[in-house]
Amino acid sequence: MKVSVSVLKEYDNLYDAVLKVNESSCDFLHIDVMDGKFVDNKKFSVDMVKQIKKVSKKPLDVHLMVNDIKTVMEYANLKPEYLTFHVEIIDDVKTIKYLKSLGIKVGLAINPETDIKYLKPYVSDIDLVLFMSVNPGYGGQSFNYDVINKIKEFKKMSPDNLIINIDGGVNDKTINFCKEAGCNMVVSGSYVTNNQFYDDAINKLK
Ligand code: DX5
Ligand code: ZN
């Protein structure tokens, strides 16, 4: 199981959190970018992500909760390992093809209320789907179990090599449901960053 650690809840203590992620056994550093429009919260400017990239030893997994494709392109310039934006805002498959031409792995995130049929036109062009198990905007919310059946349903139509990732409320209890549903990557925020030693939590997710 690949584990991507979200440092959203450590926003005021970011430098220390990124260093702890560096020292941990997780696979990616998950950055939650919010534009104050797609969600009410506003976090992580392009410049901040640029600074984080300099400090991070882990590849960046950038999750964009933003309303427009222009903003997606601004973050693409930073060349993260994964760039995930929401299926709710995509206009054209050309956007994905362009990002791929830059050498970026592309993900589409899907909100709890959004039907998986909206992912269908893109499944053969993307690298990852990020199933939201909370309404995006804040860390520390509880896991919405409805997502489990949604993932199982989606797996019936998804290519084998597509990474199935899940985000929101992932902890030592909910991880078992994620595994059973067929996730091969998870994002975990507060469950990990509430520990002094991040590996105490990460090892329970792996
Ligand atoms: C929610 C974010 C999540 C969040 C995860 O909008 O996309 O990545 O930070 O945090 P936890 O694991 O605390 O729910
Ligand atoms: Zn996220």
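This is a predicted model: local features need pLDDT of at least 70, side-chain atom pairs count only at pLDDT 80 or more; totals for chains, interfaces and linings use all residues.
Good morning. This structure contains 5 aromatic pairs.

Tyr11 and Phe44 form an edge-to-face pair, with 4.9 Å from centre to centre and 80° between the planes. A pair of aromatic rings is described by the distance of the centres and the angle of the planes. The label edge-to-face applies here because planes over 60 degrees apart are counted that way.

Where in the chain do Tyr11 and Phe44 lie? Tyr11 belongs to the loop between strand S1 (2-6) and helix H1 (14-23), while Phe44 belongs to the loop between strand S3 (42-43) and helix H2 (46-55). The two parts are 33 residues apart in sequence, so the pair ties them together.

I now turn to ligand 1. It sits in the largest pocket. There are 20 residues around ligand 1, and those that come nearest are Gly137, Gly140, Asp167, Gly189 and Ser190.

Which strands each supply at least two residues of the shell around ligand 1? They are strand S2 (28-35), strand S4 (60-65) and strand S9 (185-188). Strand S2 gives the most, with 3 residues. Sorted by class, the shell consists of 11 polar, 7 nonpolar and 2 charged residues.

Let us look at individual contacts with the oxygen atoms of ligand 1. A polar side-chain atom of Asp167 lies 2.6 Å from one oxygen atom of the ligand. For Gly137, a polar backbone atom is 2.8 Å from an oxygen atom of ligand 1. For Gly169, the distance from a polar backbone atom to a ligand oxygen atom is 2.9 Å.

How much of the accessible area of ligand 1 does the protein cover? On its own, ligand 1 has 380 Å² of accessible area, and the protein covers 99% of that.

Thank you for your attention.

Terms used
Residues are numbered from 1 along each chain as its sequence is written. Chains are lettered from A and ligands numbered from 1 in the order in which they are written. Side-chain values use heavy atoms; hydrogens and water are left out. A residue is near a molecule or strand if one of its heavy atoms lies within 4 Å of it. A polar contact is a pair of N or O atoms within 3.5 Å; within protein, one must be able to donate a hydrogen and the other to accept it, and residues adjacent in sequence count only if both atoms are side-chain atoms. Accessible areas come from the Shrake-Rupley method with a 1.4 Å probe; for residues, only the protein chains shown count as cover. On a 1 Å grid over the protein atoms alone, a cavity is a set of points where a 1.4 Å probe fits but cannot get out, and a pocket is an open set with protein on both sides within 12 Å along at least five of seven lines; lining residues have an atom within 4 Å of a point. A molecule sits in a cavity or pocket if more than half of its atoms lie within 2 Å of its grid points. Helices (H or I, at least four residues) and strands (E, at least two) are DSSP runs, numbered from the N terminus. Ala, Val, Leu, Ile, Met, Phe, Trp, Tyr, Cys and Pro count as nonpolar, Asp, Glu, Lys and Arg as charged, and the others, Gly among them, as polar. Rings of Phe, Tyr and Trp (its six-membered ring) pair if their centres lie within 6.5 Å; planes under 30 degrees apart count as stacked, over 60 as edge-to-face and the rest as tilted.
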